Amino acid sequence: MSDHSQHRPTKPSDMLEPVRVGKPSQGTWTEYLVLFLRVMAGVSLIKGLYHWAQVCGIGVPADQGFETHTIAWQTATVFFAVLDLVAAVGLWLAAAWGAVVWLASVVSMAAVQVFFPNVYGGSIFVVIVEMTLLGAYLWLAIFSARERPA
């Protein structure tokens, strides 16, 4: 037998390539995007827990509980309580569905603030912050996509 036949893999695990430690890439747009998504996951987690605290009546006087608010406020609060926590999980995992759920949450909150000011008060500050975060995400996503070869 030739020397070449001695190196022929006999098990499926022998066909795996060895792990090579290369120079880590520092400061890529994809890393910045993942960092941004993780920070937004933390923010979404805090927002979701805040909304659940509102639903459960934690930290509010007895005469201002969940049931004393309008149906529109109750509906929006439960909607964001669920959506923000689901978005937080997806963003932390850097999954595509997490970004989609987060985008739905951001756009929905801005829409509620603009088109239904009687629900949460119509704060233009919240709209500006949400749209700034949306712009930052889109900017990072575009630059991240550009650095990967087609």
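Biologist: In this predicted model, in what kind of crossing does helix 3 pass helix 5?

Modeller: Helix 3 packs against helix 5, which spans residues 124–147. Residues of helix 3, including Trp 102, Val 106 and Ala 110, meet residues of helix 5, among them Val 127, Met 131 and Tyr 137. The crossing in which helix 3 passes helix 5 is left-handed.

Biologist: Is helix 3 roughly parallel or antiparallel to helix 5?

Modeller: The axes of helix 3 and helix 5 are 9 Å apart, and the packing angle is about 155°. Angles over 145 degrees count as roughly antiparallel. Helix 3 is therefore, relative to helix 5, roughly antiparallel.

Biologist: How many nonpolar residues does the contact of helix 3 with helix 5 have?

Modeller: By class, this contact of helix 3 with helix 5 has one charged and one polar residue. The count of nonpolar residues is 14.

Biologist: At what angle do helix 2 and helix 3 pack?

Modeller: Helix 2 covers residues 71–92 and helix 3 covers residues 96–115, with their axes 7 Å apart. The contact includes Phe 80, Leu 83 and Ala 87 of helix 2 and Val 101, Ser 105 and Ser 108 of helix 3. Helix 2 passes helix 3 in a left-handed crossing. The packing angle is about 145°.

Biologist: Why does Gln 54 count as buried?

Modeller: Gln 54 lies in helix 1, residues 29–56. Leaving aside residues up to four places away in sequence, Gln 54 touches Val 60, Phe 66, Trp 73 and Thr 77. Buried means under 20% relative accessible area. Gln 54 counts as buried because its relative accessibility is 15%.

Technical notes:
Residues numbered from 1 in each chain as written. Predicted model: local features only at pLDDT ≥ 70, side-chain atom pairs only at ≥ 80, totals over all residues. Heavy atoms only, no water. Axes fitted to C-alpha atoms, helices over the stretch in contact; angles between N-to-C directions. Helix = DSSP H or I, 4+ residues; strand = E, 2+ residues; numbered from the N terminus. Left-handed = near helix turned anticlockwise from the far one by under 90°. Contact = heavy atoms within 4.5 Å. Buried < 20%, exposed > 50% of the residue type's maximum accessible area, 1.4 Å probe, protein only. Parallel < 35°, antiparallel > 145°, perpendicular 65-115°, else oblique. Nonpolar A, V, L, I, M, F, W, Y, C, P; charged D, E, K, R; others polar.
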